[in-house]
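Subject: Structure handover

Hello,

Here is the structure for you to look over. My notes on it follow below.

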Amino acid sequence: MRIALVLLGVAIALALPFFVYPILLMTILCFVIFASSFNLLLGYVGLLCFGQAMFLGLSAYIAGYLLKTTGVSIEIAILAAALVSALLGGFVGFVAVRRTGIQFAMITFAFAQFVYFMLLQSEFTGGEDGMQGIPRSDLFGVVDISDSRTFYYFVLAMTALAIFAIYRVIHSPFGEILKAIRDNEARVESLGFRPERFKIIAMMISAGIAGFAGALKATVFQFATLTDVSWTVSGEVILMTLLGGMGTFTGPMVGAAAIIFLNDELAQFGEWALIAQGVILILVILFLRRGVVGEAGALWRRMRNRNKG
Amino acid sequence: MTTEYALEARGLGRKFGAFWAVKDVDLKVRRGSIHAMIGPNGAGKTTCFNLLTKTLQPSTGSIILNGEDISRLRTSDVATQGMARSFQISATFTQMTALENVRVALQAGKGTAYRFWRPLGSIAHLNTRAMELLENVGLQDSAGVAASDLSYGKKRALEIATTLALDPQVMLLDEPTAGMGHEDIEPITELIRKVSVGRTVLIVEHNLSVVSSLSDRITVLQAGQILTEGNYAEVSSDERVIAAYMGGVEDAL
């Protein structure tokens with residue numbers, strides 16, 4: 001059953017660019033990765049990072065800069081940007097993980113604002129204008145993937161890789177400790193663990209994957225802007241995660257796809273996109289507290305139990 | 001190295017502002033015994049407990065575990081030194097199954113806990129031990145149940161199984177029967193008796209009937225200081241103890 005669903009999903013993903021604008025699809029994929037990286041922290045460690053955009057945006061600039069100024073192949077640029085992002089995540093984590101809840105959120109927010117202004121002031125980013133003309137250099141230095149539809153398959157493969165990495169982390173011995181920290185940090189500490197170490201590592205992984213998404217996004221649009229670092233993106237990823245269902249594996253992906261798709265559809269109506277987002281958020285919080293995927297899962301379990309009993 | 005006393009406190013004190021919640025507490029817990037600490041509400045039992053587990057830093061005095069000063073260690077280090085604690089409010093990992101709860105503790109002190117790139121199958125060998133621990137507390141049929149779906153009594157049992165996973169020499173139990181109905185108190189008391197074999201146990205408890213049947217020695221706290229110490233017969237006939245408990249929970253005596 002599960003395998004059939006996965007195969008169906010793969011088939012749809014492969015066929016989609018023939019029916020839908022590839023850039024929109026690739027945007028969705030980038031945010032699918034981004035929201036999943038955020039959910040790794042919120043849903044599985046219980047950390048609300050209100051500055052996730054700093055990883056997305058910084059990496060976009062770094063990957064863009066590498067591609068523009070050096071001759072490195074595309075995968076090297078993306079991985080290097082993700083690595084820098086992971087290091088930033090480790091540093092932010094080192095400062096912030098001793099705090100929880102709103103304090104943690106505010107420290108990460110402060111860091112994100114700091115990164116925003118650094119990038120605004122920096123010479124190499126192009127400031128308000130953003131960084132234009134980022135080339136899609138050859139994969140492994142030999143394979144030309146610059147055509148939009150071909151590039152879509154590259155982004156799709158990268159997304160699968162990133163999602164698999166997150167799946168791996170969640171379903172690992174380390175992931176079990178993360179979930180335990182989420183449920184009861186004091187208890188984990190009393191068992192002889194140092195929760196802050198686990199949280200810092202989780203921050204690094206989450207930031208690395210968010211950076212991976214940002215670098216990928218820069219190659220999709222072939223430009224990087226300050227929007228990607230702005231706090232509205234940090235807020236939007238919370239909305240995506242809550243809409244889909246935090247702490248569920250597929251929830252943030254569904255949420256990301258829904259929000260990006262809606263934004264695209266409603267773009268012609270200007271502010272209405274934001275109003276629609278607000279209404280959706282209110283409806284989800286009032287009626288679907290576990291998010292779309294979370295509620296669907298709960299419903300599925302209830303029905304199965306009823307059939308059993 | 002074995003010392004006569006597994007756990008000792010010397011001149012232990014803790015000040016909150018100008019108020020001494022615990023003052024000049026000298027405590028000696030004999031190895032292999034079950035030692036209880038009782039006292040009326042606000043006597044400083046919980047503060048004392050938190051000091052001993054290093055959840056709180058002491059203002060004065062020192063704590064000696066197996067002859068070694070642990071006053072400066074952090075909470076997580078105390079566990080690796082062989083002293084494990086339970087919590088007053090049942091501390092389980094609510095969204096994880098009973099088996100996973102115990103398995104978390106089994107990963108303590110092992111390098112596996114940091115392996116984020118390995119599949120869960122890599123710690124499947126811990127499942128056997130986790131099941132044994134669950135059987136030990138009578139939870140073998142609830143292994144796959146999420147901790148949040150367990151009854152209150154079973155949550156306490158799960159917490160004890162998780163604590164036992166550390167195989168601690170010294171166990172500190174914070175009001176193990178707090179908030180329990182009569183039907184749950186008896187099995188938990190029996191369970192504590194069973195798992196304390198070969199270990200040293202310090203119980204902070206409000207319920208005196210639990211203490212009377214379990215403990216070898218009782219320390220009575222009042223207003224942050226030790227009022228008296230002795231076996232149950234001595235302590236329960238002490239007029240100062242009776243007076244301290246008067247108006248509070250005299251029916252419990």
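How far apart do the end C-alpha atoms of residues 6–34 of chain A lie, and how much of the span is helix? They lie 21 Å apart, and the span is 79% helix and 0% strand. Please keep in mind that this is a predicted model.

**Transmembrane regions**

That span comes from the UniProt record. The unreviewed entry places the feature "transmembrane region" at several stretches of chain A, including 6–34, 41–64, 76–97 and 104–121. The entry also lists 151–170, 200–225, 237–262 and 269–288 of chain A. Take residues 104–121 of chain A as another case. Here the chain is 100% helix and 0% strand. The end C-alpha atoms of this stretch are 26 Å apart.

One residue to look at is A:T27. It sits in helix α2 of chain A, which covers residues 22–42. A:T27 counts as buried because its relative accessibility is 10%, and buried means under 20%. Apart from its neighbours within four places in sequence, A:T27 contacts A:F221 and A:I260.

**The second largest pocket**

This pocket has a volume of about 460 Å³. Three elements of chain A each give two or more residues to its lining: α4 (74–96), α6 (148–170) and α9 (195–221). The lining has 19 residues. Nearest the centre lie A:A165, A:I205, A:G208, A:I209 and B:F116. By class, 17 of the lining residues are nonpolar, one is polar and one is charged.

**Cavities**

The largest cavity holds about 50 Å³ of space. Its lining is made of B:S86, B:R156, B:E159, B:I160, B:L173, B:P176 and B:I188. Four of these residues are nonpolar, one is polar and two are charged. α5(B) gives the most to this lining, with three residues.

**Helix α3 of chain B**

This helix runs over residues 98–106 and is mostly covered, with eight of its nine residues buried. The buried ones are B:A98, B:L99, B:N101, B:V102, B:R103, B:V104, B:A105 and B:L106. What do they pack against? Their partners are α7 (173–183) of chain A, plus α4 (126–136) and α5 (152–164) of chain B.

**Aromatic residues**

Over all chains, the structure holds 15 aromatic pairs. One is A:Y65 with A:F124. Their ring centres are 5.1 Å apart and their planes are at 75°, so this pair is edge-to-face. A:Y65 lies in helix α3 (residues 53–69) of chain A, while A:F124 lies in the loop between α5 (101–121) and α6 of chain A, so the pair ties together parts 59 residues apart in sequence. A:Y65 counts as partly exposed, at 39% relative accessibility. A:F124 also counts as partly exposed, at 34%.

Another pair is A:F151 with A:F154. Here the ring centres are 5.3 Å apart and the planes are at 45°, so the pair is tilted. A:F151 and A:F154 are three residues apart in helix α6 of chain A, which means about one helical turn separates them. Are they buried or exposed? Both A:F151 and A:F154 are buried.

There is also an aromatic cluster with members from chains A and B. It is formed by A:F174, A:F193, A:F198, B:Y114, B:F116 and B:W117. B:F116 is also one of the residues nearest the centre of the second largest pocket.

B:A21 is in strand β2 (residues 19–30) of chain B. B:A21 is buried, with a relative accessible area of 8%. Between B:A21 and B:G44 there are 5.7 Å in space, C-alpha to C-alpha, though they are 23 residues apart in sequence. Not counting residues up to four places away, B:A21 touches B:R14, B:F16, B:A43, B:G44, B:T47 and B:G224.

Most residues other than glycine have a negative phi. B:D24 is not a glycine, yet its phi is positive, about 50°. B:D24 is also found in strand β2 of chain B. At 46% relative accessibility, B:D24 counts as partly exposed.

B:E175 also has a positive phi, near 40°. B:E175 lies in the loop between β7 (170–174) and α6 (182–195) of chain B. With 11% relative accessibility, B:E175 counts as buried.

Best wishes

Notes: Residues numbered from 1 in each chain as written. Chains lettered and ligands numbered in written order. Predicted model: local features only at pLDDT ≥ 70, side-chain atom pairs only at ≥ 80, totals over all residues. Heavy atoms only, no water. UniProt positions renumbered as here; feature names shortened; annotations may be inferred. Helix = DSSP H or I, 4+ residues; strand = E, 2+ residues; numbered from the N terminus. 1 Å grid on protein atoms, 1.4 Å probe; cavity = no way out; pocket = protein on both sides within 12 Å on 5 of 7 lines; lining within 4 Å. Points joined across faces, edges and corners; volume = space filled by probe spheres on them. Nonpolar A, V, L, I, M, F, W, Y, C, P; charged D, E, K, R; others polar. Buried < 20%, exposed > 50% of the residue type's maximum accessible area, 1.4 Å probe, protein only. Contact = heavy atoms within 4.5 Å. Phe/Tyr/Trp six-rings, centres within 6.5 Å; stacked < 30°, edge-to-face > 60°.
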